[in-house]
Amino acid sequence: MQKREGGFNLSNCGEKMNKNIYLISWYFPSFSGGAEKSILQELKKYQKNGYNISVICFDEYYPRGKFNIDGISGINYGLKLQFPPVLRFYSLLFNKKYICKILNEHVNDIKGRMVLTQTLIAPIVADFCIKQNIKYIYYLRDELHLNEFHNYEVGVRKVLKTIKTVIEYPAIQYYKAKNIIALKNAYKIISNSKYMHNLLKKKYGLDSEIIYPEICFSHLDKTAMKKENQKYIAFIGGENAMKGYDIVLKIAKKIPDEKFLIVGAYNKKFKKRNILFMPYQKDVMEIYKVSKLILMPSRWNEAFGRVVLEANYLGIPVITSDRGGLPEANNNRELIISDLENIGKWVKKIKKSIN
């Protein structure tokens, strides 16, 4: 097992392909999550080292056609059949023929290159690569990519999540079967944390290289951090029990004298008691510059914690649960809580951290 910060060395993949890389991904230019942000930094590092980078993606949240993001060029084809976001496995299943058709149109260009793939589209990309005898590297980003399906919701949402899983059952089973094949036939597997590496080894007996997500700090302005403006205890993930949204509500109720900020999929700002609710921000500094402490009481096994590193870079402490790869991101052992449902422990740790 190797563990490092930089990108994987492709120089041993053959003279013809060692300077040519194709990223084939579902999302990319819309940067819908940490996986896309991380792979962009990987590609930029490869490019800096002389590699030729091309991207093919199927991002329904970005205009179709050619794009260039920070010097990385590609083509976005979107999806042929549109499904609601809650039915993303059906979206993959019923768009598979379309995705493979597009990839076959590029097959002559892709052959002789190393393919990088990640997220839920990886099994489809792997199937294409296997049939065409093309080497591919599989980047593991979260537990779904290791066929780990858990219901972390609470209350009514837990019931709704169960119903959704039942509805998507055929598509999920198809994904699981194809994903095992994708993992076992990958030229290389890259895990974004020791937690993911160990889970892969435990479930499938496969090895991987650990590359922690490359965090770009250029968008984080330390000079904007003014102590008089840092009034809030912040949480990113409103309405999401996986991330511990309901836990934060209980904590805020226990500490009425403190101001809390909850960022989520809201249309506008609004306030309830001592909590300010805010929509997701394009510029994350809008959140950080008003935060004196950040909470991450995640129930799900987050593969890693980008927010921890970003916040710490700006001098903001972060209290996390001990799930998944969060303890690897959070170097301050005093700010990790194992009994995450124990509200009293969160309150005690918060008061100690801000006083």
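Is R273 buried or exposed? R273 is exposed, since its relative accessible area is 67%; in this briefing, buried means under 20% relative accessible area, exposed means over 50%, and partly exposed lies in between (1.4 Å probe, protein chains only). The structure is a predicted model, in which local features need pLDDT of at least 70 and side-chain atom pairs count only at pLDDT 80 or more, while totals for chains, interfaces and linings use all residues. Residues are numbered from 1 along each chain as its sequence is written, and side-chain values use heavy atoms, with hydrogens and water left out.

**Surface patches**

- R273 is located in the loop between β12 (270-272) and β13 (275-279); helices (H or I, at least four residues) and strands (E, at least two) are DSSP runs, numbered from the N terminus.
- Together with K253, K254 and K272, R273 gathers in a patch of positive charge on the surface.
- Patches are made of residues with over 30% relative accessible area and no salt bridge, where like charges are joined within 9 Å and nonpolar side chains (Val, Leu, Ile, Met, Phe, Trp, Tyr) within 5 Å.
- Lys and Arg count as positive and Asp and Glu as negative, whereas His and the chain ends are not counted.
- The place of a charge is taken as NZ of Lys, CZ of Arg, CG of Asp or CD of Glu.
- A nonpolar patch on the surface is formed by V156, V159, L160, I163 and I167, which together have about 480 Å² of accessible area.
- Accessible areas come from the Shrake-Rupley method with a 1.4 Å probe, and for residues only the protein chains shown count as cover.
- I163, one of the residues in the nonpolar patch, belongs to helix α5 (residues 155-167).
- I163 counts as partly exposed because its relative accessibility is 45%.

**Salt bridges**

- The count of salt bridges comes to 16, where a salt bridge is a side-chain nitrogen of Lys or Arg within 4 Å of a carboxyl oxygen of Asp or Glu.
- One of them joins the side chains of D127 and K96, at 3.4 Å from N to O.
- D127 lies in helix α4 and K96 in helix α2 (residues 88-105), so this pair ties together parts that are 31 residues apart in sequence.
- Helix α4, which holds D127, covers residues 122-132.
- D127 is buried, with a relative accessible area of 12%, and K96 is also buried, at 16%.
- The side chains of D127 and K96 are also joined by a polar contact of 3.4 Å; a polar contact is a pair of N or O atoms within 3.5 Å, and within protein one must be able to donate a hydrogen and the other to accept it, while residues adjacent in sequence count only if both atoms are side-chain atoms.
- Another salt bridge links the side chains of D109 and R113, at 3.9 Å from N to O.
- In this pair, D109 is partly exposed, with a relative accessible area of 37%, whereas R113 counts as buried at 13%.
- K188 and E209 form a salt bridge in which the closest N and O atoms are 3.7 Å apart.
- K188 lies in strand β8 (residues 188-191) and E209 in strand β9 (residues 209-211), so the pair ties together parts that are 21 residues apart in sequence.
- K188 is partly exposed, with a relative accessible area of 24%, whereas E209 counts as buried at 1%.
- Salt bridges that share partners join K96, D127, K131 and K178 into one network.

**Residues apart in sequence**

- I121 is found in the loop between β6 (114-118) and α4, and I121 counts as buried because its relative accessibility is 0%.
- I121 and I99 are 22 residues apart in sequence, and their C-alpha atoms are 9.4 Å apart in space.
- E328 lies in helix α11 (residues 326-329) and is partly exposed, with a relative accessible area of 22%.
- The C-alpha atoms of E328 and S193 are separated by 7.4 Å, although these residues are 135 residues apart along the chain.

**Positive phi values**

- D70 is a residue other than glycine, yet its phi is positive, near 50 degrees.
- D70 is placed in the loop between β4 (65-69) and β5 (72-76).
- E239 is not a glycine either, and its phi is positive at about 70 degrees.
- E239 is placed in the loop between β10 (232-238) and α8 (245-254), and E239 is partly exposed, with a relative accessible area of 32%.
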